[in-house]
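Dear colleague,

I am handing over the structure below, and after it you will find my notes on what turned up in it. Please read them with the model open beside you.

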Amino acid sequence: MRSDRVTTLLVAAASIACMFLCCCSRRADQGLVPAGSPMADSIHFQYAVYLLPMPPHSVDPAAALHEALVSKYKDLKLVDEITRESQAALIHARVQKNVPQEYPPPDLKSLQYFGHGISPQQAQALQKCNEAFVLEFAHPKDHVWTALRTANALVEEIARKTGGLVWDEETREVYSPDAWHKKRLAS
């Protein structure tokens, strides 16, 4: 019985040694990871500001965007369409109507997990939201950090001026302007 155990252990050890040697015998130059940067030449992402029906937003989001671009964000160029490869920092903006069907916000249960700094009144108002101001950004990879910071600051400014909530399309999270600032700009 003891010899059966020893034989089993020896066979198992030999098998593991063979697997290890076979796995490690690949040539290092097989190119498992392509050479060069894994980052695309241009970066594209989307934020939105949900325009809450309470109180009715008094500032037009397009006017707030135009004012901000003229006064603070002169490096961002407003365009009608964002092309695949961006050679400059670009922004495309549109008002999304019929939000409940075409750009629905998270429901109340999801907001418990993916809502940040949102009051119960804002959460309820978000469910009745009919408009969102959608901002699509693009920039070359050389300016990844400065362009992201600019986009974060700009969307916060529009949310504050319109009384809206910030939506991050990539992470699927909603933020109050204060929570957005704390999470994305203060650090």
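Arg-160 and Glu-156 form a salt bridge (a side-chain nitrogen of Lys or Arg within 4 Å of a carboxyl oxygen of Asp or Glu), with 2.8 Å between the closest N and O atoms. Please keep in mind that this is a predicted model, in which local features need pLDDT of at least 70 and side-chain atom pairs count only at pLDDT 80 or more, while totals for chains, interfaces and linings use all residues. Residues are numbered from 1 along each chain as its sequence is written, and side-chain values use heavy atoms, with hydrogens and water left out.

The two partners are separated by about one helical turn, because they lie four residues apart in helix 6 (residues 144–162); helices (H or I, at least four residues) and strands (E, at least two) are DSSP runs, numbered from the N terminus. Glu-156 is buried, at 9% relative accessibility, whereas Arg-160 is partly exposed at 41%; buried means under 20% relative accessible area and exposed over 50%, with partly exposed in between (1.4 Å probe, protein chains only).

A further salt bridge joins the side chains of Asp-168 and Arg-184, at 2.7 Å from N to O. This pair links distant parts of the chain, since Asp-168 belongs to strand 6 (residues 165–168) and Arg-184 to helix 7 (residues 177–185), 16 residues apart. Asp-168 is buried, with a relative accessibility of 4%.

Arg-172 and Glu-169 also form a salt bridge, their closest N and O atoms lying 2.8 Å apart. Elsewhere, salt bridges with shared partners connect Glu-67, Lys-72, Glu-157 and Lys-161 into one network. The search of the whole structure finds eight salt bridges.

Turning to the sheet, it is open and has seven strands in the order 2-3-5-1-6-7-4, with mixed pairing; two strands pair if DSSP finds at least two bridges between them. Strand 2 (77–78) and strand 4 (115–116) stand at the edges with a single partner strand each, so that one side of each is left without a neighbour in the sheet. Strand 1 (residues 42–51) and strand 6 run antiparallel and are joined by four bridges, and Val-49 has Val-166 in strand 6 as its bridge partner. Helix 2 (residues 61–71) packs on the sheet, touching strand 1, strand 2, strand 3 (90–96) and strand 5 (131–140), where contact means heavy atoms within 4.5 Å. The direction of helix 2 makes about 30° with that of strand 5, with axes taken as lines fitted to C-alpha atoms, for helices over the stretch in contact, and angles running from 0 to 180 degrees between N-to-C directions.
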